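Please look over the sequence and the model shown here before reading the report. The notes that follow take up charged pairs, helix packing and the exposure of selected side chains.

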Amino acid sequence: APPVPTMAEAEAEINVYRQIQKQITQANERRTQALTQVGENDMVVKELEYLEEDAKVYKLIGPVLVQQDLVEVKANVSKRIEFIKGDVGRIDKQIKDLERKLEEQRAKVAKLQQGPAET
């Protein structure tokens, strides 16, 4: 007969399960934050489209407003959007991996919880 898991072993597996749940929550929060940043940067791109080619554009760097080239600003914002979208893709992959681990851990915990009852 297989050894009966101890209470401590069961607790340890449940704690691993909770830890994975916490990681999924944190990853989802990072994903939401990144998507918000994409939305904000998309709005910036739309606003920049309204400007004339020779419009003066400023960027706040610390306490100072520094004049920037409009073409450069558009390129930078577009690059930032692509970078953040790449981040979202990585986070999505991480969430999928964590959800798979969570499912495996759930099965492990369920097996442990029914183990001692089978005598």
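## Basis and salt bridges

How many salt bridges does the structure hold? The structure holds 6 of them, a salt bridge being a side-chain nitrogen of Lys or Arg within 4 Å of a carboxyl oxygen of Asp or Glu. This is a predicted model, in which local features need pLDDT of at least 70 and side-chain atom pairs count only at pLDDT 80 or more, while totals for chains, interfaces and linings use all residues. Residues are numbered from 1 along each chain as its sequence is written, and side-chain values use heavy atoms, with hydrogens and water left out.

## Charged pairs along helix α2

Among the salt bridges is the pair Arg 90 and Asp 87, whose closest N and O atoms are 2.9 Å apart. Because Arg 90 and Asp 87 are 3 residues apart in helix α2, about one helical turn separates them; helices here are DSSP runs (H or I, at least four residues), as strands are (E, at least two), and both are numbered from the N terminus. Arg 90 counts as partly exposed at 49% relative accessibility, and Asp 87 is partly exposed at 28%, where buried means under 20% relative accessible area, exposed over 50% and partly exposed in between (1.4 Å probe, protein chains only).

A further salt bridge joins the side chains of Glu 104 and Arg 100, at 3.2 Å from N to O, and these residues, being 4 apart in helix α2, are again separated by about one helical turn. Glu 104 is partly exposed, with a relative accessible area of 47%, and Arg 100 is partly exposed with 44%. In another pair, Arg 106 and Glu 103 meet at 2.6 Å, N to O, and lie 3 residues apart in helix α2, which means that about one helical turn lies between them. Arg 106 counts as partly exposed at 40% relative accessibility, as does Glu 103 at 41%.

## Packing of the two helices

Two packed helices are described by the angle between their axes and the distance between the axes. Helix α1 (residues 7–49) and helix α2 (residues 70–114) pack at an angle of about 160 degrees, with their axes 8 Å apart; axes are lines fitted to C-alpha atoms, for helices over the stretch in contact, and angles run from 0 to 180 degrees between N-to-C directions. The helices α1 and α2 are therefore roughly antiparallel to each other, given that angles over 145 degrees count as roughly antiparallel, under 35 as roughly parallel, 65 to 115 as roughly perpendicular and the rest as oblique.

Ile 84 lies in helix α2 and is buried, with a relative accessible area of 6%. The C-alpha atoms of Ile 84 and Leu 35 are separated by 7.9 Å, although these residues are 49 apart along the chain.

## Exposed side chains

Lys 111, also a residue of helix α2, counts as exposed at 64% relative accessibility. Lys 111 and Glu 99 are 12 residues apart in sequence, and their C-alpha atoms are 18 Å apart in space.

Leu 65 is found in strand β2, which covers residues 64–68, and counts as exposed because its relative accessibility is 56%.
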